[in-house]
Amino acid sequence: MTDALTDDSLRALKGRDAELFSLVYRSCASQVLGYLTARGVEDPEATMQEVFLAVLPRIDTIRGGANGLRTFLFSVAHARMVDDHRRQSRTPARQSYEPENDLRSTSSAEAAAMLLVAPGEVLELLQVLAEEQKEVLTLRIIADLTVEQVAEIMGKSAGAVKQLQRRALDKLREHSAVKDYVAP
């Protein structure tokens with residue numbers, strides 16, 4: 001048997017689906033792949049496989065001989081190409097991330113505040129707070145501990161630590177010395 005897809009080869013393989021499909025695949029796969037590649041399909045090999053999987057169950061019902069089969073095969077390939085282009089247009093462009101090339105940098109709000117406030121001023125500001133509030137803020141901000149860690153250290157619940165932190169920050173915001181640093 002030849003690898004040529006002809007009307008005679010189609011008639012000879014009628015009813016022998018595996019051999020018929022093999023012949024169609026061998027004779028048309030490279031052309032379908034070339035078409036999909038030339039049309040800019042993102043993954044032409046996977047799309048080509050989808051085309052043949054769509055054609056396989058209908059291969060015995062196609063009319064028009066070899067030309068009809070090729071027409072059907074490429075109409076399915078065209079439809080898959082259109083689907084791929086639609087999907088690509090809806091999907092954001094993918095960019096690889098290379099940390100060494102990322103030159104963006106911003107300081108944290110804490111670092112910016114620390115540049116504005118001298119260490120002596122921080123200690124002075126903390127004096128307006130109750131002892132537990134001071135303890136919570138120093139452990140959370142200076143020691144960089146989590147709410148749960150501070151709660152364990154102070155023997156309080158996480159909710160109580162959050163409440164102390166919120167009240168301390170509110171009190172600092174109300175203090176006249178802090179208003180110079182906090183934008184309205």
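A crossing of two helices is left-handed if the near helix is turned anticlockwise from the far one by less than a right angle, and right-handed if clockwise.

Entry one, H3 and H4. I am working from a predicted model, and I began with helix H3 (residues 44-55) and helix H4 (residues 65-90), whose crossing I found to be right-handed. Their axes lie 9 Å apart and the helices pack at an angle of about 130°, so I noted H3 and H4 as oblique to each other. On the H3 side the contact is made by Thr47, Glu50, Val51, Phe52, Ala54 and Val55, which meet Leu69, Phe72, Leu73, Val76, Ala77 and Arg80 in H4. Sorted by class, the residues of this contact are 9 nonpolar, 1 polar and 2 charged.

Entry two, H8 and H9. I then turned to H8 and helix H9 (residues 158-174), where the axes come within 8 Å and cross at roughly 100°, which makes H8 roughly perpendicular to H9. I listed Val147, Val150, Ala151 and Met154 in H8 as meeting Ala158, Val161, Lys162 and Leu164 in H9. By class, I counted 7 nonpolar residues, no polar ones and 1 charged in the contact of H8 with H9.

Which helices does the loop holding aspartate 144 lie between? I placed the residue in the loop between helix H7 (131-142) and helix H8 (147-154). Is aspartate 144 buried or exposed? Because its relative accessibility is 64%, and exposed means over 50%, I recorded aspartate 144 as exposed.

How values were computed: Residues numbered from 1 in each chain as written. Predicted model: local features only at pLDDT ≥ 70, side-chain atom pairs only at ≥ 80, totals over all residues. Heavy atoms only, no water. Helix = DSSP H or I, 4+ residues; strand = E, 2+ residues; numbered from the N terminus. Buried < 20%, exposed > 50% of the residue type's maximum accessible area, 1.4 Å probe, protein only. Axes fitted to C-alpha atoms, helices over the stretch in contact; angles between N-to-C directions. Parallel < 35°, antiparallel > 145°, perpendicular 65-115°, else oblique. Contact = heavy atoms within 4.5 Å. Nonpolar A, V, L, I, M, F, W, Y, C, P; charged D, E, K, R; others polar.
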